[in-house]
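Let's take a walk through a protein model together. Keep the structure open beside you as you read.

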Protein chains: 2
Amino acid sequence: MGALDEGHFNAELENGVKFDCLELGFEEKPETLAIENAVTVLLQGLGEDINREGLKKTPLRVAKALLHGTRGYNQKAKDIVHSALFPEAGLDNAVGHAGGAGGIVIVRDLDLFSYCESCLLPFQVKCHVGYVPSGQRVVGLSKLSRVADVFARRLQDPQRMADEICSSLHHGIKPAGVAIILQCLHIHFPNLESLLLDSNHQGWVKALVQSGYGVFENKNADIWCDFLSLLKFRGINVDKTQMDSMEQCWCPLQSSLSAKIGPPNPGMVTAVVSILRSLGEDPLRKELVGTPSCFVKWLMNFQNTKLEMKLNGFGCGKTDTLKANGDISHNKEHIHSELNLSFWSQCEHHLLPFYGVVHIGYFRAEGFNPIGKSFLQSIVHFYGFKLQVQERLTRQIAETVASFLVGDVMVVVEANHTCMISRGIEKFGSNTATIAVLGRFSTDPVARTKFLQSIPSTTASGGL
Amino acid sequence: MGALDEGHFNAELENGVKFDCLELGFEEKPETLAIENAVTVLLQGLGEDINREGLKKTPLRVAKALLHGTRGYNQKAKDIVHSALFPEAGLDNAVGHAGGAGGIVIVRDLDLFSYCESCLLPFQVKCHVGYVPSGQRVVGLSKLSRVADVFARRLQDPQRMADEICSSLHHGIKPAGVAIILQCLHIHFPNLESLLLDSNHQGWVKALVQSGYGVFENKNADIWCDFLSLLKFRGINVDKTQMDSMEQCWCPLQSSLSAKIGPPNPGMVTAVVSILRSLGEDPLRKELVGTPSCFVKWLMNFQNTKLEMKLNGFGCGKTDTLKANGDISHNKEHIHSELNLSFWSQCEHHLLPFYGVVHIGYFRAEGFNPIGKSFLQSIVHFYGFKLQVQERLTRQIAETVASFLVGDVMVVVEANHTCMISRGIEKFGSNTATIAVLGRFSTDPVARTKFLQSIPSTTASGGL
């Protein structure tokens with residue numbers, strides 16, 4: 001059985017599917033093997049050596065993550081709700097609404113993630129659920145979250161997800177009504193080409209969707225005002241006018257892929273079709289028809305190339321002032337800081353995005369800046385657009401920058417890893433930092449501290 | 001097999017323990033049955049009817065939650081790390097530190113929870129991990145979180161948890177060094193008696209602990225400065241001087257329990273001893289000897305009483321000004337708001353705390369306030385200190401307040417439920433709101449909106 005991961009079996013057990021002793025182990029299941037084969041084809045299409053150490057187990061890791069992340073296909077929301085309905089007295093109707101009759105119940109700020117059906121990338125969701133009990137019964141609060149999770153753990157579109165959660169709770173609890181609001185955040189992964197032209201790339205696309213059943217069916221009903229007011233206490237400002245149904249596909253990848261890339265490799269497209277089938281999806285479903293080629297085109301951004309960076313003629317130049325912005329004096333020399341250079345990369349262990357900012361510090365003589373900011377940004381992008389690990393990215397940036405200088409360079413990379421939320425551990429707020437220190441920075445703790453102090457505090461980036 | 005919950009089996013499977021087809025189902029396991037029996041004794045000791053609908057499955061729910069929440073006893077951190085060590089080139093030592101050799105790697109803001117070994121209540125943890133790779137190998141980032149989780153999921157004390165995580169990572173990864181910082185937050189549940197005397201009760205006790213191995217062993221080493229600087233970017237300010245080892249037990253329940261309560265019921269104490277044993281713990285371990293009686297004393301705060309609130313002679317009085325603070329005019333009358341009355345309660349479905357604030361609005365004539373704030377606070381505490389569900393609490397407060405007035409009352413309860421973090425769904429940021437509307441509030445949406453608008457926005461309360 002071995003390395004069975006985060007609750008895939010569990011999900012089945014919890015929903016009353018009998019555990020069959022003769023069933024195949026996770027790693028021998030046909031769908032696991034099919035996804036592993038497909039991922040191997042994708043890695044080869046990227047020009048990677050599938051036997052190198054960091055990639056050896058990537059197909060299995062991807063299979064686990066995907067099957068875990070879409071386990072909602074095997075779950076029945078009905079069973080979850082039915083086990084947790086409790087009788088609870090309400091008020092007399094003539095007196096008012098509360099308890100098991102008419103007093104609205106709201107659970108706010110449920111962190112979920114789902115997979116975009118247009119591009120297969122995970123997206124983050126803040127889910128807010130409200131329902132109005134009736135029939136003198138209430139549902140256990142955690143079940144609202146569990147039901148939402150069943151529909152999040154599928155290939156989804158925000159509006160359909162809201163409708164499915166809402167409909168399922170309405171039929172399961174049989175309340176006076178149910179309302180769902182989802183705040184969704186889809187990573188807007190740029191391609192290298194567009195990034196070099198537009199440094200102000202917006203990294204996220206947001207969608208706000210809602211769905212209502214029963215007393216919430218009418219969008220102008222007073223009960224919506226109560227629901228929205230209760231969200232407001234938590235800083236969630238939802239304007240009624242924002243709540244029109246989304247008509248267009250929200251996925252930024254569908255529109256942003258460069259036309260220059262050309263048609264995707266048919267073998268890779270077939271591999272993604274087989275992944276969709278292994279998850280239990282119908283690859284011919286209207287919304288999924290374009291997904292395989294969208295995913296492959298996007299993945300090709302991270303193609304392994306033998307290209308070296310062209311190092312001549314870039315960005316050197318005099319600075320205008322004796323002491324430029326971002327300079328710190330240190331023993332009569334200057335430490336120059338370039339902060340918050342954005343990066344985008346792809347984790348080679350999970351084939352999932354990681355992204356964030358890079359801070360670079362180096363010593364420079366007065367009045368002369370050997371390398372400009374845009375050149376540093378190019379270096380960062382160059383090493384980002386590959387299958388990577390953060391530790392290697394940090395070292396490669398540092399070594400390349402050092403090759404222009406005497407070698408006194410410090411690099412800090414701060415990153416959010418999609419694999420930290422969309423796999424088993426689901427650590428939504430976590431963030432990773434890595435450091436490379438070269439030359440004087442490795443021997444002079446005061447220089448290190450000075451540079452580190454020049455980095456401004458941030459709170460969690462990229463969250464909702 | 002039925003209702004097997006959130007990953008207890010999984011944990012075993014993931015760690016290579018063979019799944020035995022002849023093994024008993026979760027609900028038939030001796031430890032499950034023992035905990036169920038013990039919880040039944042506790043409920044009876046509280047004077048509850050163990051057959052009433054809301055409590056029927058409480059023993060099983062508690063058994064699931066506890067066995068799940070302490071599954072770390074069955075996990076081996078070593079296995080987790082060994083499956084995810086990757087070769088990664090580093091810099092030449094003469095040049096600096098980065099990559100697989102000496103460049104510090106940090107994962108920040110991992111949300112965990114653990115159980116306090118002194119009182120059995122869950123506590124929240126923000127965990128920050130740093131390590132310095134050596135031997136040209138790095139560990140998969142998510143494994144740092146998984147290993148931390150293994151030691152969090154036991155009965156713990158903050159310092160021991162930090163030491164155990166640190167030691168385990170150090171021996172598993174064999175890096176140059178490992179550092180752990182834990183920010184822990186323990187609910188400080190007051191007893192009813194002390195609350196009525198001290199309305200400014202502080203609801204939390206914080207602990208900051210650290211542990212270091214290898215290059216982090218010396219607390220004055222420069223590498224600690226780098227680690228703390230990298231935490232600062234995320235707004236985590238740890239002062240070196242704060243980092244002395246904790247000498248005293250941090251658990252606020254141990255010290256705050258009223259001496260007046262008298263010795264706990266021996267049958268209930270024996271029941272808790274049997275729970276400890278079922279979790280795989282030794283009830284004679286020094287730190288656990290006082291735990292059963294501490295837990296029972298605390299639980300008795302929620303004893304079922306037949307007491308009615310004494311309703312005469314409380315809190316009525318004239319207000320000094322024509323229009324007091326918190327008044328909103330509405331059709332020539334006033335809606336009076338009493339906001340942020342604190343409450344503490346115990347979820348009857350999981351025997352776990354829930355807590356938060358109550359907002360009460362009512363109509364009043366000019367110049368006369370029929371009920372004072374402290375009386376409202378007493379009503380809230382009275383209905384809080386019971387085995388409860390939030391919907392019922394809301395209704396009971398509303399009905400009691402309405403009995404003093406003509407009946408035009410609105411109550412909003414905002415709560416954090418420990419069961420939302422310490423059971424399977426682990427929704428750290430979520431928050432629940434319930435409403436009761438009586439009399440005019442149920443028919444007049446404008447009055448409802450006016451009252452709701454008087455409630456100020458907050459962000460998540462009670463978090464780290």
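Predicted model: local features only at pLDDT ≥ 70, side-chain atom pairs only at ≥ 80, totals over all residues.

Chain A holds 17 helices and 16 strands. Of its 464 residues, 62% count as buried. Now think about which parts of the chain touch: among the contacts in chain A with a separation of 6 or more, 73% are between residues 24 or more positions apart.

Next, find helix H11 of chain A, residues 266–278, and helix H12 of chain A, residues 291–299. Their axes lie 8 Å apart and the helices pack at an angle of about 125°, so H11(A) and H12(A) are oblique to each other. Their crossing is right-handed. From H11(A), the contact uses Met268(A), Val269(A), Val272(A), Val273(A) and Leu276(A), while H12(A) brings Pro292(A), Ser293(A), Phe295(A), Val296(A) and Leu299(A). Sorted by class, this contact has 9 nonpolar residues, 1 polar residue and no charged ones.

Now move to chain B, where helix H6 (residues 141–152) packs with helix H7 (residues 158–173) at an angle of about 135°, their axes 9 Å apart. That angle makes H6(B) oblique to H7(B). The crossing here is right-handed. Among the residues that meet are Leu144(B) and Phe151(B) from H6(B), and Met161(B), Glu164(B) and Ser168(B) from H7(B). By class, the contact of H6(B) with H7(B) has 9 nonpolar, 1 polar and 1 charged residues.

Conventions. Residues numbered from 1 in each chain as written. Chains lettered and ligands numbered in written order. Heavy atoms only, no water. Axes fitted to C-alpha atoms, helices over the stretch in contact; angles between N-to-C directions. Helix = DSSP H or I, 4+ residues; strand = E, 2+ residues; numbered from the N terminus. Parallel < 35°, antiparallel > 145°, perpendicular 65-115°, else oblique. Left-handed = near helix turned anticlockwise from the far one by under 90°. Contact = heavy atoms within 4.5 Å. Nonpolar A, V, L, I, M, F, W, Y, C, P; charged D, E, K, R; others polar. Buried < 20%, exposed > 50% of the residue type's maximum accessible area, 1.4 Å probe, protein only.
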